[in-house]
Amino acid sequence: MARFKAENFKVLNKDNTAVVYRTPDRNYNRLIFSITNKSANNIELKGGAEPSVFGFNMSFISDKLDVISQLRVTPPAGWEATAVTVQTWVEWRLTCKQDTQLAPGANLSIIIENILCENEKPGYFTITNHNIPGYDNSGSLPPALFLSVLRPPIDPTKANPVPFTAGYTNVVHPIANQTIHPNNRTFTENEAIPAYITYDGNALIRNGFKLILTNNNEKPIVLAGESDRPVVTISFLFGEEDYDITTQALGDRQITIGVTSDKWTPMGHTDGSPSWQFYPQLPQHIDGYKTVDFIIENIVTPVNVPAEKISLMYVQVNRFADFDDKVFIFQLNKKKAKAVMKPLSADNPRIKIGDDVKLTWSSSLAKRVTITYDDRDGNQILLDTAATDPDKKIELDAKNYKLLIKPTAETTQFEAIAFDTAASPDTQKAHVTVEQRPARINAFKATKQLINQGAKTKVTFSWEVQDVRQLILKRKGTDEKIVVTGTTSKEIDVETACEYQLLAYSYGTTFPAPDEKALKIFSHGSPHPIAEPALSGERTKRPAILLNDHPNIKRAFIQHTAKPARFSTIFEINTDTSALEKKHPGSCFALSPSGNKLAYYTPGLTKRGIVLYDIASQEESLTETQDLIETMKFSSDGRKLFVSFEPGMLTGADEQTNADVDSSSDGQRFTTYFTCDPDKNILVKSGAYTPIGGGEATDIAFDNKPSMVYFTSFVNRRTDTNIYLVKYDNGEKGSPDAINTLNTRPVMLKQAKKSSKIYAAFERRESIFDNADAVIIINTDNNTISTVTVGEYPIDMILTADEKTLYVACIIANKVVAVDTETLAVRDICTSVDSPSCIALSSDGEIMFVGNYATRTITMVDVKKAMVLGTVATGTNNGNPYGMVITENNDGYKVFVAKDGSGLIRTTPNINLEITDISILKPKV
């Protein structure tokens, strides 16, 4: 049967508060007692010979039965109110006179008047019910509502609040006889107090805290008169409902409240009451800005009551000088107790056999704690709070506990467990080891670290070790373990990405944790063709590929230069799906730094110029130009696009015949810039056409102020060793307008963001015309240069995120080198590659991908170890890698490769080209 709960009832005074005012004026208080149907069904109420009855009593307002009997109770129509003396109290009964129903959400309202409240001690408004069909009225405590008792405002025309704030601190919840350190944080009245629920009747959780009552005024609060003696009353909700903090019996037997101030006296607690009262002894009972602390202890809940329910604690302040009375209300949040083992530690992590060991531990909300460890013969030793053996008896908390049974195992692992009633107790561990020379793994290698996904590949793991008692080869994340003690290698069939660990355990009377090294095996799928560019023997321009790794619009743009130029195409690839999204008629391009705009030159027959392409909306706008554009680049803020025009290419006819000769008849090379309006997706020519020297440009860079723009000069059959400068603000010639690098035919520029440096790679050096081995560092503060010899024909560069290292691919020298950007020291990263033409670096800087032009492969390199992990073919007859970008996710890498078909070195031009992507999986552990 259903039961009425406190939520079905409400008692409020005329000011809409659960307060009864202490006053001899019987007309002051007017309570409304409401009964509400909270169910989804009608409540049947019976009249006749066995009527339905609701009862209430509020005897706490007076010790005199006649005061309660004289209440004036006005029930709703169809009900009768009578006062009935029951033993030592008076209960008012509300009797239904005729059959009726209380609909869902409907309520009955009873008016209670003629109230004479003679006590300031708050109490319960207790409610009973009888003979209501479907509702039980036996076997449990009736629901009760708590009412505070205050004196009426001293001056009703204005508020005169008592200058108190209330809070709490030192929250504790010892279990059994445990002593723990309190939480010294101070909480406000609005923050719920945790009260943990007892889960074992033999291990009571004794919740406690310190209630702080603070005078936030500089003036002391002084006793106004003996008849107006102040009082503080602390009250709880006792009963069996979810909102009760504990039962009346547990409250009477367990809860204690003390006061720290010698100016205050606790008046004790009466069994059956929800309250504790305190009175000051001295007239000046709270000094200015001082506190009175009430130590509340031993709040013990019944066993296994519902968790996350809120009970209330009322702190009632009465008669403090001429201030109004006040009630502070605190929430007690009943929380499920979970045993927690705090960190376990040993006083000395390394000992000799026979030495003493002292352990320190503590637990929270645990009814039992055990500590186990094994001796050197594998026998378990159990220390237990429940042990009867004094050598094995421990407490829930201990500091520097001296083990009576000393540890002897080579590696002794102490495991401390805190138990409650849950199946999985909480655990903490600590280790003690004996001083011993540890085992060492000097080398751990694999014949292959990049394999074909899904195809069984024999991988030979080899190692060099010393001082090893036991050696285990383990596949991480699995149960696969192979004991390989006494061997130097092991061949294993591998068919997917994985990680292997080599564990070496020490000899000796001590047994420390093993030495460990790991090797990652990556796997790759078959190259995936995406698109087929037009056939051409024309050398692909740099950059050949650009990555827009925008979080919402992920694209790779791949450029193919063709003859005639009108067939040049830019391919737009979705890097998530590897799908060809769109083709753009263009021969050179640039991406805005934000990754949302692509600018490209379209060499059309009727209209030529720069297209500004919004990648998200796919909106395009054309800004016409009469001259062929060789290269372009956005400024770092994306609002300027600098452009270099090729001399001798000033008409459509010239362009279609590709009259690409360096002769005296060539026109003047010049540059300008366009302003990019991102909102309108248009380019506006802003700078003047500024003549600059040299031949066609392969790249553009900016200093990091920005104040100057740097243009390369790539000349086929004449010597030009200059890099040309124009001003960033207006596009006019810089001062100086050129830097003599003593090198010819620059391939690319790489600009630093964190320093005043621009790095330039050159195909040839003027002083040794047939040898290409230089990287030039330009100091943009004063335009001085430094030269670094890296290897024959540097063709691609990557600057690491911290800008401490510049990686350079040297296509003729067949190697990739690392340049220290501070010292300019050069070291080889990888020499076992063939014609490295392009490089890409993983986001963590640990993995490099190298495109090998002549062999048409991709090599994967561990840059920290300077070790080749493996090589993947990109399609033997489908073009030479010339540009490459990578995208990453949790599974691994996706490598996008742009191809060249011109036969740049040691190859003949291809009859087929294709754009390719290759997926490389990381180990999952």
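Colleague: Is F461 buried or exposed?
Modeller: F461 is buried, at 0% relative accessibility (buried is under 20% relative accessible area, exposed over 50%, partly exposed in between, with a 1.4 Å probe and protein chains only). This is a predicted model, where local features need pLDDT of at least 70, side-chain atom pairs need 80 or more, and totals for chains, interfaces and linings use all residues. Numbering starts from 1 along each chain as its sequence is written, and side-chain values use heavy atoms, without hydrogens or water.

Colleague: And Y500, buried or exposed?
Modeller: Y500 is buried too, with a relative accessible area of 1%.

Colleague: How many aromatic pairs are there?
Modeller: The count is 35, taking Phe, Tyr and Trp rings (the six-membered one for Trp) with centres within 6.5 Å; planes under 30 degrees apart are stacked, over 60 edge-to-face, the rest tilted. One of them is Y373 with F414, tilted, at 4.9 Å between centres and 55 degrees between planes.

Colleague: Which strands does that pair tie together?
Modeller: Y373 is in β31 (residues 368–374) and F414 in β34 (residues 411–419), so the pair ties together parts 41 residues apart in sequence. Strands here are DSSP E runs of at least two residues, helices H or I runs of at least four, numbered from the N terminus. Y373 is buried at 1% relative accessibility, and F414 is buried at 0%.

Colleague: Back to F461 and Y500: what's their geometry?
Modeller: F461 and Y500 form a tilted pair, 4.7 Å centre to centre with 45 degrees between planes. That pair links distant parts of the chain, from F461 in β38 (residues 457–466) to Y500 in β42 (residues 498–505), 39 residues apart.

Colleague: Which rings make up a cluster?
Modeller: Ring pairs link F4, F9, F33, F54, F56, W79, F125 and Y135.

Colleague: Where does the charged end of K640 sit?
Modeller: Over the ring of Y728, 4.3 Å from its centre (Lys NZ or Arg CZ within 6 Å of the ring centre and within 35 degrees of the ring normal). R368 has its charged end over the F419 ring, 5.0 Å from the centre.

Colleague: Now E620. Which side chains does it make polar contacts with?
Modeller: With H584 at 3.4 Å and with Y600 at 3.3 Å. A polar contact is an N or O pair within 3.5 Å; within protein one atom must be able to donate a hydrogen and the other to accept it, and sequence-adjacent residues count only if both are side-chain atoms.

Colleague: Where is E620 found?
Modeller: In β52 (residues 620–624), and E620 is partly exposed at 38% relative accessibility.
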